[in-house]
Amino acid sequence: MLTDRQRMILSAIVDDYIRSAEPVGSRSISKRGDVGYSPATIRNEMADLEDLGFLEQPHTSAGRIPSHKGYRYYVDHLTSSFSLNPSELQMMKAFFAEKLNAMEQMIQHAAGILSQMTNYTSILLGPEVFHTSLRHFQLLPLGDNKAVAIIVTSTGQVENKTVTIPPGVSVSEMEQVVNLLNSKLANVPLYKLKTRLYSELGQEMQRHIDHYEELMSVLDVALDSNDQEQKVYLSGTTNMLNQPEFKDVDKVRNIFELLEQTPILMKMMTPTPGETGIQVRIGTENDHAAIANCSLITATYSANGKALGTIGILGPTRMEYARVIGILNILSHDLTKLLTHWYK
């Protein structure tokens, strides 16, 4: 448990580092009007905070910077509520007043608004990612070892793809597979189909179907849709280049490569069951090494109580947490109101 003085000093260091991107010394903290302690007292507290793991000293005789643990404590205990200034509120209201008719256009616009207001990278999952699921699957033989795989979604969309049927696979085996897939995977979101295919159908198919491996390969191809590429929206990716901590080209390259991998982004942005409200993942709390020095803040938006999508901001751990959380709170709330109206 930190003392009130330690909490005040930690908060001041995080605030200063967010602004300057430079290690913070005891003298600069003592000059703040809201602290009121001598440099010697602050140095002692900074040493204790370092011993507790809340601060790090990147160089000998240099000031301190927050550790990931320090940022986590700051987000959980020290950030205050944030209010947009009048011009920013007007920008947000103008966006929703435009009454955009196309869902895709609205999501793209929202991504642009977020990156513009925060100067970080925005990532949005469109509503289709969550509420589009499998209604029916069919595999129709065409002859010459070919078949057409037909996927009917919960939104009425029909997708088809020609697949190759391996030699020896009978029509009855294909029918067994189709019946099994429809009984097990109907109503499963499209983005989860490939994972659930192996976790729920694999063992049963192995027990009852001779050409199990060959048919699993067919289904893997049939369910591999590039349509998901259109469901993740990014804006402000080059904003990373403006951050002092990302002057290392290799670090930025790894982040950019990650941002190009749609399945990974979808997994990063998809909320875990029961997860609601604002979620903050700091540094190594993220699962991917490429963003181990970044923070990802996400919020879900919904309609009629059903989660439809996620909006998120990716930036350095030296992020303006209160501001970003405040903006995401407002945008997710307004998106929910708008989508609830649209989905009536």
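The second largest pocket has 17 lining residues, and those nearest its centre are Tyr-17, Ile-65, Glu-245, Asn-293 and Thr-317; here a pocket is, on a 1 Å grid over the protein atoms alone, an open set of points where a 1.4 Å probe fits, with protein on both sides within 12 Å along at least five of seven lines, and a lining residue has an atom within 4 Å of a point. The model is predicted, local features need pLDDT of at least 70, side-chain atom pairs count only at pLDDT 80 or more, and totals for chains, interfaces and linings use all residues. Residues are numbered from 1 along each chain as its sequence is written, and side-chain values use heavy atoms, with hydrogens and water left out.

**Pocket and Ile-65**

- The space in the second largest pocket amounts to about 260 Å³, a volume being the space filled by probe spheres set on grid points that are joined across faces, edges and corners.
- Two or more residues of the lining of the second largest pocket come from each of β2 and α4, where helices (H or I, at least four residues) and strands (E, at least two) are DSSP runs numbered from the N terminus.
- Ile-65 is placed in strand β2, residues 65–66, and is buried at 15% relative accessibility, with buried standing for under 20% relative accessible area, exposed for over 50% and partly exposed for values in between (1.4 Å probe, protein chains only).
- Beyond its neighbours within four places in sequence, Ile-65 is in contact (heavy atoms within 4.5 Å) with Tyr-17, Pro-23, Leu-55, Glu-56 and Pro-58.
- The C-alpha atoms of Ile-65 and Tyr-17 are 6.7 Å apart, although the two residues are separated by 48 residues along the chain.

**Salt bridges**

- Nine salt bridges are found in a search of the whole structure, each defined as a side-chain nitrogen of Lys or Arg within 4 Å of a carboxyl oxygen of Asp or Glu.
- In the salt bridge between Arg-323 and Glu-88, the closest N and O atoms are 2.4 Å apart; Arg-323 lies in helix α13 (residues 321–342) and Glu-88 in helix α5 (residues 86–97), so the pair ties together parts that are 235 residues apart in sequence.
- Both Arg-323 and Glu-88 are buried.
- Arg-32 forms a salt bridge with Asp-16, with 2.8 Å between the closest N and O atoms, and this pair links distant parts of the chain, 16 residues apart, with Arg-32 in the loop between α2 (26–30) and α3 (39–51) and Asp-16 in helix α1 (residues 4–20).
- The relative accessible area is 18% for Arg-32, which is buried, and 15% for Asp-16, which is buried.
- Within helix α11 (residues 249–259), Arg-253 and Asp-250 are three residues apart and thus separated by about one helical turn, and their salt bridge has its closest N and O atoms 2.5 Å apart.
- Arg-253 is partly exposed, with a relative accessible area of 40%, and Asp-250 is partly exposed at 45% relative accessibility.

**Aromatic rings and charges over rings**

- Three aromatic pairs are found in the whole structure; rings of Phe, Tyr and Trp (its six-membered ring) pair if their centres lie within 6.5 Å, and planes under 30 degrees apart count as stacked, over 60 as edge-to-face and the rest as tilted.
- The rings of Tyr-71 and Tyr-321 form a tilted pair, because their centres are 5.8 Å apart and their planes stand at 50°.
- Tyr-71 belongs to helix α4 (residues 68–78) and Tyr-321 to helix α13, so this pair ties together parts that are 250 residues apart in sequence.
- Tyr-71 is buried with a relative accessible area of 1%, and Tyr-321 is buried at 0% relative accessibility.
- Ring pairs link Tyr-71 and Tyr-321 with Tyr-74 in a cluster.
- Lys-69 lies over the face of Phe-54, 4.7 Å from the ring centre, where a charge sits over a ring if NZ of Lys or CZ of Arg is within 6 Å of the ring centre and within 35 degrees of the ring normal.
- Arg-5 lies over the face of Tyr-37, at 5.2 Å from the ring centre.

**Glu-45**

- Glu-45, in helix α3, is buried with a relative accessible area of 8%.
- Leaving out residues up to four places away in sequence, Glu-45 touches Arg-5, Gln-6 and Ile-9.
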